[in-house]
Amino acid sequence: MFPVRCFTCGKVIASSWEAYKQRIADGEDKAAVLDDLGITRYCCRRIFLAHVELVDIMAPYQ
Amino acid sequence: MEIDVLELSDRSAKFILSNTTAAFANGLRRAMLADVPTLAIDDVNVYNNTSVLYDEQLALRLGLIPLVTSFDDFVPQDECTCEDGCPACVISLTLSVEATADEGRMVYSGDIVSSDPKVQPAEMNIPIIELKVNQKVVLEGVAHMGYGRDHAKWQAGVACGYKNLPIITIDGCDRCGACVNVCPRNILCLGDKFVEVSDESRLNCSLCGLCQDACEIDAISVTENESSFIFTMESDGSYTVNELIINAVNTIKRKASSMGDILSTL
Ligand code: SF4
Ligand code: SF4
Ligand SMILES: [Zn+2]
Ligand SMILES: [Zn+2]
């Protein structure tokens, strides 16, 4: 699951994740979407860029 | 000490603090990060959890969700006058969500039901856990007031920081343009006779000094005003930044006066 807060600065970032994911899937530019969502610091941005969703991979083994 | 507000909204602020010392600016920063108590879930009773997350991970995610807090209504439990828990120091929140047999479902912070209408998640669309078909979570979270110095979930101030006010002086410039090209923040521009900086863009200067190095005749110099600070801060949503600053200053005052009391008894 996407981290609730940025590890470094503590900003609540999870609330922007679904909007980000949707807009990237629609083909928008990542940097522009992050700027637009107000994720301006690079500590928060790297979490969006590097996140890997594992729920679907783990779900069959529950 | 003077304060000049540049930007102010519910969640973030930027201001210039002048005629003060770095020690005071840092005291303010630390008070916002560590000494203003907020509410956060820190005890979780899990009755049922068949999701992909372990109970502990679920509890961590719940703890990190900011809860709207009223500074006057709640107190940390060990500073409360009660024996073992009262509505002023212990708030119960429940989360009970089940996915159907055909469809999974995302659990959001908005699904949390609070026993006190004044206490609500500051944001309703924080994903907590994605439930696959037939999975469910049923739990009770107990929120306490706590301090940011003990755990990040109680940290109300986010990214509080300051830098010295830059002073850019230009004297004897021959308008060669080398400094304009090298400035990474594009804040210098060529005027009619020499290089110019506008007051507004000056605040953006990162004090990197590249322009000084680029100038072959030492016509530009960048120094810091050591008694003025550009302060930026954000709130996680548990308080507005206004309340956060006021509460931070009050904690400093309280600490200073108790220090005074201690000193006067020596
Ligand atoms: S110190 Fe750096 S940021 Fe500031 S004006 Fe010079 S080159 Fe630009
Ligand atoms: S590098 Fe020096 S001389 Fe050239 S424009 Fe900048 S301040 Fe003027
Ligand atoms: Zn961050
Ligand atoms: Zn109590």
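Student: Two residues are in contact if their C-beta atoms, placed from the backbone, lie within 7 Å. With that settled, which helices do the buried residues of α3(A) pack against?

Tutor: This is a predicted model. In it, the buried residues of α3(A) pack against α1 (14–25) and α2 (30–36) of chain A.

Student: Which residues of α3(A) are buried?

Tutor: Helix α3 spans residues 42–50 of chain A, and its buried residues are Cys44(A), Ile47(A) and Phe48(A). They cover an arc of only 95° around the axis, so they lie on the same side of α3(A).

Student: Why would residues spaced like that point the same way?

Tutor: An α-helix has 3.6 residues a turn, so residues three or four places apart point the same way.

Student: And what does the face turned away from the buried side carry?

Tutor: That face of α3(A) carries Tyr42(A), Leu49(A) and Ala50(A), which are exposed.

Student: Moving to chain B: in what order do the strands of the sheet with β1 and β12 stand?

Tutor: The order is β1-β2-β12-β9 in chain B, an open sheet of four strands with antiparallel pairing. Its edges are β1 (2–8) and β9 (157–170) of chain B; each has a single partner strand, so one side of each is left without a neighbour in the sheet. On average, neighbouring strands of this sheet are turned by 30° against each other, direction ignored.

Student: How many bridges join β2 to β12 there?

Tutor: Six bridges join β2 (residues 12–18) of chain B to β12 (residues 220–235) of chain B, and the two run antiparallel. Phe15(B), for example, has Phe231(B) in β12(B) as its bridge partner.

Student: Which helix packs on that sheet, touching β1, β2, β9 and β12?

Tutor: Helix α6 (residues 241–265) of chain B does, and its direction makes about 105° with that of β12(B).

Student: How many residues of chain B are in contact with chain A?

Tutor: 21 residues of chain B are in contact with 17 residues of chain A. On the chain B side, α2 (55–64), β7 (127–131) and β9 give two or more residues. β7(B) has the largest share, three residues. By class, this side has eleven nonpolar, four polar and six charged residues.

Student: Next, the ligands. Which residues are closest to ligand 1?

Tutor: Of the 13 residues that surround ligand 1, the closest are Cys183(B), Cys205(B), Cys208(B), Leu210(B) and Cys211(B). The shell divides into ten nonpolar, two polar and one charged.

Student: And which come nearest to ligand 2?

Tutor: Cys173(B), Cys176(B), Cys179(B), Cys215(B) and Ile220(B) come nearest, of 15 residues around ligand 2. Twelve residues of the ligand 2 shell are nonpolar, one is polar and two are charged.

How values were computed
Residues are numbered from 1 along each chain as its sequence is written. Chains are lettered from A and ligands numbered from 1 in the order in which they are written. This is a predicted model: local features need pLDDT of at least 70, side-chain atom pairs count only at pLDDT 80 or more; totals for chains, interfaces and linings use all residues. A residue is buried if 20 or more other C-beta atoms lie within 10 Å of its own, exposed if 12 or fewer, and partly exposed in between; C-beta atoms are placed from the backbone. The arc is that of the directions from the helix axis to the C-beta atoms. Two strands pair if DSSP finds at least two bridges between them. Axes are lines fitted to C-alpha atoms, for helices over the stretch in contact, and angles run from 0 to 180 degrees between N-to-C directions. A residue is near a molecule or strand if its C-beta atom, placed from the backbone, lies within 6 Å of it. Ala, Val, Leu, Ile, Met, Phe, Trp, Tyr, Cys and Pro count as nonpolar, Asp, Glu, Lys and Arg as charged, and the others, Gly among them, as polar.
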